[in-house]
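I opened a new entry to record what I looked up in this structure. My notes follow the order in which I looked.

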Amino acid sequence: MRDPYSVLGVGKTASAAEIKSAFRKLAKKFHPDANPDNGKAKERFAEISRAYEIVGDEDKRKRFDRRELDADGNERATYPGGNPFATGEAGFDDLFRRRQRASAGAGAGFDPEDVLRTMFADRGAGGGGFSGFGGADPFAGQARGPGAHGAKQGTPPKGRDIRVTLPITVKQIVDGEKAKIKLPDGRTIAVAIPDGVTQGQIIRLAKQGEQGPAGHRGDVLAEVDIRASDGLRLEGSTLVIDVDLPIATALNGGKLPITTPAGKVAVKIEPMTTTSQSLRLKGRGVPAKNGKRGDAVAKLTLSLDGLDADTLTALAALVDGG
């Protein structure tokens, strides 16, 4: 690798703060997520990370300046009569040097990812600007500490999940509307209501939770709270519709129009129908998980609308006869 100072674009007399600042700027510029499908950017990012492992660590920087470490962070060991492990076989000497480097760095505890995570957290705390890198590990496939070249890295921890209550009206379910939810951080999200939604169901909204140190968001876990509205309510999977029954129709019979999610339907009402009766309307409820509609039940409520003299006479006769 090139001289780590020149990789980061700083002089050998640069302060620790100047080196850290240079690393932050270059890390943002060449991060793979900011340069998708750009292999050169990925290589540059790896080079920047390795350089910072050396000169970003106070002890390693001093050792590098004393020429005890080379530009890759390897020990510049001296052996009487030469390296006894230098057999001339390609790759064996390099393997020995990597082993030695890993041993020398054990317990050093320096990790440039910590700087990058802090950088991301600083930007995230400001409520905007830098939003992270879309769930990718900032150091995926990179070395993370001495002797870690080629090691696979885990995904940086994501932010915490947010648990909230999602109020949904039956009218929204019937009309196929989205329900809106306001999160603690002030964001408002429109949530598509799934078919067959039930009371207490948890809807997971991926990557909408709190932001983690590297910009990775957790999830939102929204617990459904179904509320009756506009004369509509759910009893299990059955849609219950409150329907006004004009007193004249109750006494004399006739057709009663009812609006259902599957459209309007005219129901035949027998004379002297009472409000204790319910009318089941098959296949006219809300969609279930299998895509088919459930049933609806019309609950009749007596209405005095349309009460005229003839109806009053018939009602009086009915009372007298009782």
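I count a salt bridge where a side-chain nitrogen of Lys or Arg lies within 4 Å of a carboxyl oxygen of Asp or Glu. By that rule Arg-63, Arg-66, Glu-68 and Glu-75 are linked in a network of salt bridges. The model is a predicted one. I searched the whole structure and found 17 salt bridges.

I then looked up single pairs. Glu-58 and Lys-62 form a salt bridge at 3.5 Å, N to O. They are four residues apart in helix α4 (residues 58-65), which means a separation of about one helical turn. Glu-58 is exposed, at 59% relative accessible area, and Lys-62 is partly exposed, at 43%.

Arg-233 pairs with Asp-242 in a salt bridge, with 2.9 Å between the closest N and O atoms. Arg-233 is partly exposed at 27%, and Asp-242 is partly exposed at 38%.

In the salt bridge of Asp-295 with Arg-280, the closest N and O atoms are 3.4 Å apart. Asp-295 sits in the loop between β10 and β11 and Arg-280 in strand β10, so the pair ties together parts 15 residues apart in sequence.

Next I checked helix α3. Its 17 residues (39-55) should span 24 Å at 1.5 Å a residue, and the end C-alpha atoms are 25 Å apart, which agrees. Asn-38 caps the N-terminal end of α3, with a side-chain oxygen 3.1 Å from the backbone nitrogen of Lys-40. Buried residues in α3 include Phe-45, Ile-48 and Tyr-52.

Last, I looked at a sheet. Three strands form an open, mixed sheet in the order β1-β5-β4. The edge strands are β1 (162-169) and β4 (202-205). Four bridges join β4 to β5, and the two run antiparallel.

Notes:
Residues are numbered from 1 along each chain as its sequence is written. This is a predicted model: local features need pLDDT of at least 70, side-chain atom pairs count only at pLDDT 80 or more; totals for chains, interfaces and linings use all residues. Side-chain values use heavy atoms; hydrogens and water are left out. Two strands pair if DSSP finds at least two bridges between them. The expected span of a helix is 1.5 Å times one less than its number of residues. Buried means under 20% relative accessible area, exposed over 50%, partly exposed in between (1.4 Å probe, protein chains only). A polar contact is a pair of N or O atoms within 3.5 Å; within protein, one must be able to donate a hydrogen and the other to accept it, and residues adjacent in sequence count only if both atoms are side-chain atoms.
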